[in-house]
Amino acid sequence: SHGLIQAARSDNGYRIYGEEAVERARIAHLLFELGVQRDLVRAVLACTGDVSVDVHRATSDQLAEVRDAMAARIAELSAAHERISEVVDLTASAASA
């Protein structure tokens, strides 16, 4: 988890994760899957603690930028999907004619 999750150690050296750490790991994993940079993941995880309203606001603003970039990419992919579907339909029609 890129040093973002803290774990205790058992006597045999195995890491022991509490429920809070497991939830933080789930959040971090989701954000990494979405392509969010490590610094922003760290900021999001920090917002679960006792931090100032300014930190929460800045993190929220950064996440909104990521969300908006994703929405733009989704729109681009949807448009490309429609164009490819049109080509597939045209080639299928031509093949059956």
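A nonpolar core is a set of buried Ala, Val, Leu, Ile, Met, Phe, Trp, Tyr and Cys residues joined through side-chain atoms within 4.5 Å. Keep that in mind as you look at this predicted model, where the largest such core has 11 residues. Helix 2 (residues 38–46) gives this core its largest share, five residues, so let's follow that helix around.

**The core**

- Besides L40, V41, A43, V44 and L45, the core takes in L4, I5, A21, A28, L31 and V36.
- In soluble globular proteins, nonpolar side chains tend to be buried together.

**Helix 2 from the inside**

- L40, V41, A43, V44 and L45 are the buried residues to look for in helix 2.
- Those buried residues pack against two partners, helix 1 (19–33) and helix 3.
- Pick out V41 and skip its neighbours within four places in sequence: V41 then touches L4, A28, L31, F32 and V36.

**Helix 2 meets helix 3**

- Two packed helices are described by the angle between their axes and the distance between the axes.
- Here, the axes of helix 2 and helix 3 (residues 53–96) come within 10 Å and cross at roughly 135°.
- That angle is why the two helices, helix 2 and helix 3, count as oblique to each other.
- The crossing of helix 2 past helix 3 is left-handed.
- On the helix 2 side, L40, A43 and V44 make the contact, and on the helix 3 side they meet T59, Q62, L63 and V66.
- Sorted by type, the residues of this contact are five nonpolar, two polar and no charged.

Note on methods. Residues numbered from 1 in each chain as written. Predicted model: local features only at pLDDT ≥ 70, side-chain atom pairs only at ≥ 80, totals over all residues. Heavy atoms only, no water. Axes fitted to C-alpha atoms, helices over the stretch in contact; angles between N-to-C directions. Helix = DSSP H or I, 4+ residues; strand = E, 2+ residues; numbered from the N terminus. Parallel < 35°, antiparallel > 145°, perpendicular 65-115°, else oblique. Left-handed = near helix turned anticlockwise from the far one by under 90°. Contact = heavy atoms within 4.5 Å. Nonpolar A, V, L, I, M, F, W, Y, C, P; charged D, E, K, R; others polar. Buried < 20%, exposed > 50% of the residue type's maximum accessible area, 1.4 Å probe, protein only.
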